[in-house]
Amino acid sequence: MSETVRRVLVADDEAPIRRVVRLSLERAGYVVEEASNGVAALEALRARPFDVLVTDIEMPQMSGDQLCWTLADDPPPHPLMIFVVTGRSDARLDEIENVERLEKPVSLRHLLARIAARLETQAAPTT
């Protein structure tokens, strides 16, 4: 039986944070790409399918919450789970389907566990 490869996009304007998250996700078996802001993340999400988006809120050009609302208004053609890592309490994000808010500081172990749990409940992608 072949195992499904899951694709994750990490959007954060701080390169060291993106790198640490990417390396942890890759060690867990995910294929990972990085985006330095919401605009770059949106371009990547429009260009290829991802299963998961992990995004910061505070980013230049397009913040993580703007990215979430843009995706809610015009969703990608494939299912996408969104994890927002933030120190802010924005109850409006809770209104968006498939968005889970994780409070900073979030441990990588907790992030990996939440992604795995959510992916386990989702049907495998047909890509």
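Visitor: Where is Gln-61 found?

Guide: Gln-61 belongs to the loop between E3 and H3. Helices (H or I, at least four residues) and strands (E, at least two) are DSSP runs, numbered from the N terminus. This is a predicted model, in which local features need pLDDT of at least 70, side-chain atom pairs count only at pLDDT 80 or more, and totals for chains, interfaces and linings use all residues.

Visitor: Why is Gln-61 called exposed?

Guide: The relative accessible area of Gln-61 is 65%. A residue is exposed over 50%, buried under 20% and partly exposed in between (1.4 Å probe, protein chains only). Gln-61 therefore counts as exposed.

Visitor: What is the phi of Gln-61?

Guide: Phi of Gln-61 is near 70 degrees, a positive value in a residue other than glycine. Most residues other than glycine have a negative phi.

Visitor: Which residues does Gln-61 touch?

Guide: Setting aside residues up to four places away in sequence, Gln-61 touches Asn-37, Val-39 and Gln-66; contact means heavy atoms within 4.5 Å. Val-39 is 22 residues from Gln-61 along the chain, and their C-alpha atoms are separated by 6.5 Å.

Visitor: What is the order of the elements of the chain?

Guide: From the N terminus on, they run β-α-β-α-β-α-β-β-α. That comes to four helices and five strands. Of the contacts between residues at least 6 apart in sequence, 62% join residues at least 24 apart.

Visitor: How do you know that the buried residues of H3 line one face of the helix?

Guide: The buried residues in helix H3 (residues 64–73) are Gly-64, Asp-65, Leu-67, Cys-68 and Leu-71. Seen down the axis of H3, they fall within an arc of 155 degrees, so they line one face; the arc is that of the directions from the helix axis to the C-beta atoms. These residues pack against helix H2 (38–47) and strands E3 (52–56), E4 (81–86) and E5 (99–103).

Visitor: Which residues of the largest nonpolar core touch the most other members?

Guide: Of its 20 residues, these are Leu-9, Leu-45, Leu-53, Leu-67, Leu-71, Leu-80 and Ile-82. Strand E1 (7–11), H2, H3 and E4 each supply at least two residues of this core, and H2 gives the most, with four. A second, separate core has 15 residues, including Tyr-30, Val-32, Val-54 and Ile-115. A nonpolar core is a set of buried Ala, Val, Leu, Ile, Met, Phe, Trp, Tyr and Cys residues joined through side-chain atoms within 4.5 Å.

Visitor: Why does Pro-76 count as buried?

Guide: Pro-76 has a relative accessibility of 12%, and so counts as buried. Pro-76 lies in the loop between H3 and E4. Beyond residues up to four places away in sequence, Pro-76 touches Leu-45, Arg-46 and Leu-71.

Visitor: Why is Asp-12 called buried?

Guide: The relative accessible area of Asp-12 is 7%, and Asp-12 is therefore buried. Asp-12 lies in the loop between E1 and helix H1 (15–27). Apart from residues up to four places away in sequence, Asp-12 touches Ile-17, Arg-18, Ala-35, Ser-36, Asp-56 and Met-59.

Visitor: What makes Val-8 a buried residue?

Guide: Val-8 has a relative accessible area of 0%, so Val-8 is buried. This residue is found in strand E1. Leaving aside neighbours within four places in sequence, Val-8 is in contact with residues including Leu-25, Tyr-30, Val-31 and Phe-50. The C-alpha atoms of Val-8 and Val-31, 23 residues apart along the chain, are separated by 6.2 Å.

Visitor: What makes the charged end of Arg-7 sit "over" the ring of Phe-50?

Guide: The term applies if NZ of Lys or CZ of Arg is within 6 Å of the ring centre and within 35 degrees of the ring normal. The charged end of Arg-7 is 4.7 Å from the centre of the Phe-50 ring and sits over that ring.

Visitor: How much of the chain is buried?

Guide: Buried residues make up 44% of the 127 residues in the chain.

Notes
Residues are numbered from 1 along each chain as its sequence is written. Side-chain values use heavy atoms; hydrogens and water are left out.
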